[in-house]
Structures are given as structure tokens and as C-alpha cells.
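I opened my notebook for a friendly look through this one. Here is what I looked up, entry by entry.

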Amino acid sequence: MIQQIKNKILAGGTITEAEALSLLKTENKEELYNAADEVRQKFKGDKFDMCSIMNAKSGKCSQDCKWCSQSVFHKTNIEEYELVDLKEAEKMAKENAAKGVHKFSLVTSGKAISNSNLDKLCGVYRNIQKSTPIHLCASMGLLTKEQLQKLKNSGVKHYHCNIETAPSHFGKLVTTHTIEQKVETIKAAQEIGMGVCSGGIIGMGETPEQRIEMAFFLKKLDIISIPINILMPVEGTKMEGMPKLSDEEILTTFALFRLINPTANIRLAGGRSLIQHIQDKALKAGVSAALVGDYLTTVGTNITEDKETFEKAGFCCK
Ligand code: SF4
């Protein structure tokens, strides 16, 4: 069964939802991971994509996302600020570029960035663009087409907007905005020619079947980069007591996301410290990209060590 599905995908076909659901139950997980690795090799080669992010506005968010330490609905100990020092942002982009990171994104908390902050950050992007060739991305909430166009005109090529989870689970995690609003932003970004990065967090009470639902939803949206975060429960959020996913569930998610989205970058994102012990296996189960460096509000990674790990696994980080 696994070989048949893999061969169909390698020949340019697509896996059906029923087939993906049946693979969830396969006893032979190693065969599943190997099949995902072969599909990754065929469609993405050995090139490994590294991106980094900077939290340009932190905390005080009016939204009630159950996992998020930046929501005003939660009492957490994060550092809060209205807008990052603009020179610091430029410096960080340059440092990341010098370390060989391919993409750099500014990320802001909140339902959507204000127009005045957007204008300031567009200035930062224009300055970064003048001094480094790093690929620019942005993640600033539910933006209008006009706001997205401003970012594009300032050199931003990819817009990031996570769908976070399966559509059937979204309402259990967030009530202040909807997944449809996220889809509107994603489509608006695509309509003006931006690539879209969108994934989510696993381990937030969704079922394995809902993870498959999420992967197919992203496929339908034509997403080119899919970050998969493993929930790191933060004290003070509604998710603080969530049980950990098993290693097998996590690796199966990477593998199935690859089989469902063969040409997308399947990206290791937040929660990497939780899967350190299986990272080498993940790199052989369909993954083709990673978020490196400091993360938003959780502990990040060392870029030089990361590159060594990816190269040791057979990837090229150039
Ligand atoms: S909108 Fe973003 S910053 Fe605000 S609570 Fe949700 S995830 Fe956190």
C-alpha cells in the first residue's frame, strides 16, 4: 500500500484523503517515513531552506488564541513592546544573512498591524533590501490587499499566515477571529503575487485525522511553505496542561504532510527543543526546511550548529 501510493506521487499523481487516513494506521512507520523521504528527494532535492524571524511587536494581543503567550487573555511572563527598535531589526536581518540564513521575517502580535507601524516596518524592509540579498517575508496578521501590496512594494516576497489547525478544530481554539478570515488574507496575498507560508501547531487537542484534514486544506490553498510547530505549552495559557504527542505521531505528521504536499517546503518550526532526540529521523521523514535562530517567545536554536546538523543529514544549506 505505502509503495503503491509513493509510486503514484513520484509519477506526478496525488494521494487521496482515504489513502492518507489509511496510512495513519499503518504498522510499518519506518516504510512510511522512507517513502516521504523519497518524495522529498524527488520534488525538493537536497536543498535545505532556512528562515529566521524577529518579533517586531510583542504581546498585548486582543485575540484569544488558546496557546498564545501574547494574548491579553493569558497571564504570562513574556517581554512586551509596541515596536522593535528599527535599527535592531535591520541589524538582525544582516546578521542572519551573514550566517547563511535564506529568509528573514518580521512578525507582529495582534489581529492586524496598524497602518503607522506597517509604514515603519516597510521602511525597515526597504533598508534591508539595499544592503543584503536575504529573501524577505512578513507575518503581520489579517491584512487587506492594500496593506499586503505595501509590503510587496517594499521587497517582501512571502507572506506568512498560519491556519494553525484543522478547520474543524479552529473554533475550539480561537473565538475572536475565524479561519475564513485567515483564508481571505492568504488569497489576497496570492492574488498580488506573493508566495504564502502557512501551517500550524500540532498537539493542541486535534485528532490525527484532523491533522490530515489540515494538510489537505493547505494543499487546496496552494501553500508553498508549511511550518509545523510542536506545541510547547506555556504556563498561564489555556494549553499549559496539554499532554505531549508521541514521537511516532510527530514523525507520522511530517511524513503525511510531505506525501499530501509533495512540492511544498515542510518546515520544522517552534518546539524543536521537544523533538531534539528525533530530529535526525524527522530530517529523513519528509522535512525540507526549518526555522532557525531565536523564535518568538520560546527558546531558539544555534544557527551554526543547525547547519551542521542539516548538512550531516545530507542536505545542502547553501
Ligand atoms: S493573533 Fe497571533 S499574537 Fe494574537 S493571540 Fe493569536 S497567535 Fe497570539
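How many bridges join strand β3 to β4? I found three, between β3 (residues 135–139) and β4, and the two strands run parallel. Strands pair if DSSP finds at least two bridges between them. Strands here are DSSP runs (E, at least two residues) and helices are H or I runs of at least four, numbered from the N terminus.

A note on what I am reading: this is a predicted model, in which local features need pLDDT of at least 70, side-chain atom pairs count only at pLDDT 80 or more, and totals for chains, interfaces and linings use all residues. Residues are numbered from 1 along each chain as its sequence is written.

Staying with the strands, I saw L136 opposite V156 in β4. Four of the five residues of β4 (residues 156–160) are buried, meaning 20 or more other C-beta atoms within 10 Å of their own, with 12 or fewer counting as exposed, partly exposed in between, and C-beta atoms placed from the backbone.

Next I checked S131, in helix α5 (residues 115–131). S131 is exposed because 11 other C-beta atoms lie within 10 Å. I also noted that S131 and A93 are 38 residues apart in sequence and 9.7 Å apart in space, C-alpha to C-alpha.

Last, I turned to a helix pair. Helix α2 (residues 17–24) and helix α10 (residues 247–260) pack at about 160°, axes 11 Å apart; axes are lines fitted to C-alpha atoms over the stretch in contact, and angles run from 0 to 180 degrees between N-to-C directions. So α2 and α10 are roughly antiparallel, the word for angles over 145 degrees.

How values were computed. Parallel < 35°, antiparallel > 145°, perpendicular 65-115°, else oblique.
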